Amino acid sequence: MESKDILQETELEKKHHEFLENNTDFEMRSLDSVCFNESELKHPWWYNLKYAAVGLLFGIVFVKAEIISWFRIQEMFRLQSSHMYGVIGSAVVVGLISVLIIKKFKIKTIYGEPIEFVDKKFNKGQIYGGLLFGLGWAITGACPGPLFAQIGSGATAVIVTLLSAIAGTWVYGKVRDRIPH
Amino acid sequence: MSFIEFIKQPWPWYVAGPLIGLIVPTLLLIGNKTFGISSSLRHICAACVPANIPFFKYDWKKEVWNLFFVAGITLGGFLAFWLLQNPEPIQVNAKLAAELNQYGINDYSGMVPAQLFNWDTLFSVKGLLLMVGGGFLVGFGTRYAGGCTSGHAIMGLSNLQWPSLVATISFMVGGFIMANLLLPFLLKL
């Protein structure tokens, strides 16, 4: 009985792997993802509300720990405070331990799907794009997540910054084939 | 001190950092999602102005969770700022305060300096460069790099991806150059 369960389980994993391999949609997006995951399950739209709930808690942490503060970002880039280094560093440590635990115990999602990771490929865009983003980060005091939270916190003019970031993403998509990667 | 007063104080890094780190396993466990925020900008492009560009021709509806996620972040920012915010202005390093004072920035009440980011300054050279220019660099740069602080620095490093380390170092180098060498000129405008 038990071995049959294991057999079924590995078959499920194999099927999921094939699904990931044959998913052409994913090709385009794989540039961006670290983790080779995509759920095959179809859920009604309101299942997405749980991601909104996680985002809501995230937004509260953003404000309460002053991570979305332009001033804290200026301090970080001038080495005048260790606050942001502590936040990012401890987030990475907790993330790292969580990923290790998920891998070690082959933990599945709440819907029973396996969680699979793939390696990220290096390309020069990570350097060029990274530098450009760094320049923008120090100007706006925000990476994409904090832009949303800054708007929420009443800095309505940041809507312009967000729209411009969307335009920047669009221009990247337009010129992507003509710039070095 | 009541609970609300307690929660209204600024949270230290060792509370905020681990909570953010926990988003990585939470998203994986509740639906096999990879932590990343800048992709939401791509999905917005794909949904609103795909313009037949291959980079935006994919089924964005499959990624709609990411848009719910950023909507949640916006709402969370709103609730925290209006209900849980520390009434005191933010405390910054004295050296930073002295430097900013030279550029006429002394309002510490908001998350962003109200004297730089507002609808009136938008139509000045400085405002255009800061808001429109800065935003453009964030959107273009993150997509070119394939991720932002969440996707590379947190998710990527959590999974020990060296390209993410390269990206994270590049973010920091860009930020140091801007904050220390270029931004003083922009703020003087």
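This is a predicted model: local features need pLDDT of at least 70, side-chain atom pairs count only at pLDDT 80 or more; totals for chains, interfaces and linings use all residues.
View 1. The buried residues are B:Thr149, B:Ser150, B:Gly151, B:His152, B:Ala153, B:Ile154, B:Met155, B:Gly156, B:Leu157 and B:Ser158. Following α8(B) comes B:Leu160, which has a positive phi, near 55 degrees.

**View 2. Helix α3 of chain B and its packing partners.** Within helix α3 of chain B, which covers residues 23–31, the residues B:Ile23, B:Val24, B:Pro25, B:Leu27, B:Leu28 and B:Gly31 are buried. These buried residues of α3(B) pack against elements of both chains, namely α3 (49–64) and α5 (83–104) of chain A and α2 (13–21), α5 (64–83) and α8 (149–158) of chain B. The helix α3(B) is followed by B:Asn32, whose phi is positive and near 60 degrees.

**View 3. The two assigned domains of chain B.** The domain assignment divides out domain 1 at residues 1–85 and domain 2 at residues 116–188 of chain B, and the centres of these domains, taken over C-alpha atoms, are separated by 18 Å. Where the two meet, nine residues of domain 1 of chain B are in contact with ten residues of domain 2 of chain B. The side of domain 1 of chain B that touches domain 2 of chain B comprises, by class, five nonpolar, three polar and one charged residues.

**View 4. The contact between chain A and chain B.** Here 110 residues of chain A are in contact with 117 residues of chain B. On the side of chain A that touches chain B, at least two residues are supplied by each of α2 (24–30), α3, α4 (70–77), α5, α6 (125–140), α7 (144–152) and α8 (158–175) of chain A. The residues of that side of chain A divide into 60 nonpolar, 35 polar and 15 charged.

View 5. An unreviewed UniProt entry places the feature "transmembrane region" at residues 51–71, 83–102, 127–149 and 155–173 of chain A. In the model, residues 51–71 of chain A are 76% helix and 0% strand, with the end C-alpha atoms lying 29 Å apart. For residues 155–173 of chain A, the end C-alpha atoms are 28 Å apart and the chain is 84% helix and 0% strand.

Notes:
Residues are numbered from 1 along each chain as its sequence is written. Chains are lettered from A and ligands numbered from 1 in the order in which they are written. Domain bounds come from an automatic or database domain assignment. Two residues are in contact if their C-beta atoms, placed from the backbone, lie within 7 Å. Ala, Val, Leu, Ile, Met, Phe, Trp, Tyr, Cys and Pro count as nonpolar, Asp, Glu, Lys and Arg as charged, and the others, Gly among them, as polar. A residue is buried if 20 or more other C-beta atoms lie within 10 Å of its own, exposed if 12 or fewer, and partly exposed in between; C-beta atoms are placed from the backbone. Helices (H or I, at least four residues) and strands (E, at least two) are DSSP runs, numbered from the N terminus. UniProt positions are given in the numbering used here, feature names are shortened, and annotations may be inferred rather than shown by experiment.
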